[in-house]
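This report describes selected features of one protein model. Please consult the sequence and the structure shown below while reading.

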Amino acid sequence: MKLNAIKFAAAILCAAVVSTGAQAAEEDTQSKVLRVGCETAFAPFTYTDHGELIGFDLDLIRAMAKTQGYEVEVRPLPFDGVIPALMTDNIDLIISGFTITPERAQKVDFSDPYYRCGLTFLVRKEDADKFNTLDDLKDEELCLQLGTSGSVFVQKQLPNAKVKQFNSPPETYLELTNGGCRAVINDRPVNDFYLAHTRNTNVVSKDITSADSEYYGIAVRKGNQGMLDLINTALKAVEENGEFERISTEWFGYDVSAELRAEDR
């Protein structure tokens, strides 16, 4: 009877150890998931196509996560909601064509830059001769995406402009084509992608020479040094193993990190 009791107790203890081990393994698996926040209409970085969320940034973060043994869980959010979601621990990071700015750096920590871009503005072809420089737009009605660096730029550089704010780039382009504003100001690759894929010959692009040194970075919660180190390590890993070049060549036709490496030299 005593022997049976001992065996029974041992079995209970063994089951408890197995259960604890399984729970620990499950928790460890869960901890190896990166909750990635992004918007759904910032082509070609993060956008929805035929119901599927795709983009350069999503391919990049998945490749980065893989080098560190992580899975990626994508959480689509409105653009003006990504920082609040990060600050309240609903996501681990933001990657969505997210420009590194001093204002944002007060709320989040940024990874090393992974993409160099600038701003351009789009106007209707009929206005192409009238609006050639940023100064030509100083008193005009402009379409901007809410919360973007382009929006901040306009507030500083064109304080007298009449601004219409929208939640996504497609809404700004539609408003422009319909004559609801004189120009759309946004990141160069986003505007270029729109022109290339819609083949809208009624809209032309103009450079903004005073805004050609912007960089995209991956944002993490302020003070989360562990996550920041993980992201920077993963970014370096995909640059070294060739995945960064492969992904950017698929999306843009060239290695976009080459410009950053050239600047470092």
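## Residues with positive phi

Asp-89 has a relative accessibility of 39% and therefore counts as partly exposed, since that class lies between the limits of 20% for buried and 50% for exposed. The model discussed here is a predicted one. Asp-89 belongs to the loop between α3 (82–87) and β6 (93–94). Although Asp-89 is not a glycine, its phi is positive, at about 65 degrees.

Arg-199 is another residue other than glycine with a positive phi, in this case near 55 degrees. The loop that holds Arg-199 runs between α7 (188–198) and β13 (203–207). With a relative accessible area of 67%, Arg-199 is exposed.

## Overall composition

The protein contains 10 helices and 15 strands. Of its 265 residues, 46% count as buried. When contacts between residues at least 6 apart in sequence are considered, 70% of them join residues at least 24 apart.

## A cis peptide bond

The peptide bond that joins Ala-43 and Pro-44 is cis, with omega at about 5 degrees. Pro-44 is located in the loop between β2 (41–42) and β3 (46–49).

## Helix α2 and its two partners

How are helix α2 and helix α9 oriented towards each other? Helix α2 covers residues 56–67 and helix α9 covers residues 243–252; they pack at an angle of about 165 degrees, and their axes are 10 Å apart. An angle over 145 degrees counts as roughly antiparallel, and α2 and α9 are therefore roughly antiparallel to each other. Their crossing is right-handed. On the α2 side the contact is made by Phe-56, Asp-59, Leu-60 and Ala-63, and on the α9 side by Glu-243, Phe-244, Ile-247, Ser-248, Trp-251 and Phe-252. Sorted by class, this contact of α2 with α9 has 7 nonpolar, 1 polar and 2 charged residues.

Helix α2 also meets helix α8 (residues 225–240); the two axes come within 8 Å and cross at roughly 100 degrees. This angle makes α2 roughly perpendicular to α8. Helix α2 contributes Leu-60, Ala-63, Met-64 and Thr-67 to the contact, while α8 contributes Ile-231, Ala-234, Leu-235, Ala-237 and Val-238. By class, the contact of α2 with α8 has 8 nonpolar residues, 1 polar residue and no charged residues.

## The disulfide and other cysteines

How many disulfides does the model have? The count comes to 1 disulfide. A disulfide is a covalent bond between the sulfur atoms of two cysteines. Here the bond joins Cys-143 to Cys-181, with an S to S distance of 2.2 Å. The link of Cys-143 and Cys-181 is left-handed, with -120 degrees about the S-S bond. Cys-143 lies in strand β10 (residues 141–145), whereas Cys-181 lies in the loop between α6 (169–177) and β12 (183–187), so the pair ties together parts that are 38 residues apart in sequence. Cys-143 and Cys-181 are both buried.

Cys-38 counts as buried, at 0% relative accessibility. Cys-117 is likewise buried, with a relative accessible area of 5%.

Is Arg-124 buried or exposed? Its relative accessible area is 11%, so Arg-124 is buried, the limit for this class being under 20%. Arg-124 is part of strand β9 (residues 119–124). Residues up to four places away in sequence being left aside, Arg-124 touches Leu-176, Thr-177, Gly-179, Cys-181, Arg-182, Asn-202 and Val-203. One of these contacts, Cys-181, is joined to Cys-143 by the disulfide.

Ser-151 is in helix α5 (residues 149–157). With a relative accessible area of 2%, Ser-151 is buried. Which residues does Ser-151 touch, not counting residues up to four places away in sequence? Ser-151 touches Leu-144, Gln-145 and Gln-165.

How values were computed
Residues are numbered from 1 along each chain as its sequence is written. This is a predicted model: local features need pLDDT of at least 70, side-chain atom pairs count only at pLDDT 80 or more; totals for chains, interfaces and linings use all residues. Side-chain values use heavy atoms; hydrogens and water are left out. Axes are lines fitted to C-alpha atoms, for helices over the stretch in contact, and angles run from 0 to 180 degrees between N-to-C directions. Helices (H or I, at least four residues) and strands (E, at least two) are DSSP runs, numbered from the N terminus. Angles under 35 degrees count as roughly parallel, over 145 as roughly antiparallel, 65 to 115 as roughly perpendicular and the rest as oblique. A crossing is left-handed if the near helix is turned anticlockwise from the far one by less than a right angle, and right-handed if clockwise. Contact means heavy atoms within 4.5 Å. Ala, Val, Leu, Ile, Met, Phe, Trp, Tyr, Cys and Pro count as nonpolar, Asp, Glu, Lys and Arg as charged, and the others, Gly among them, as polar. A disulfide is a pair of cysteine sulfur atoms within 2.5 Å. Buried means under 20% relative accessible area, exposed over 50%, partly exposed in between (1.4 Å probe, protein chains only).
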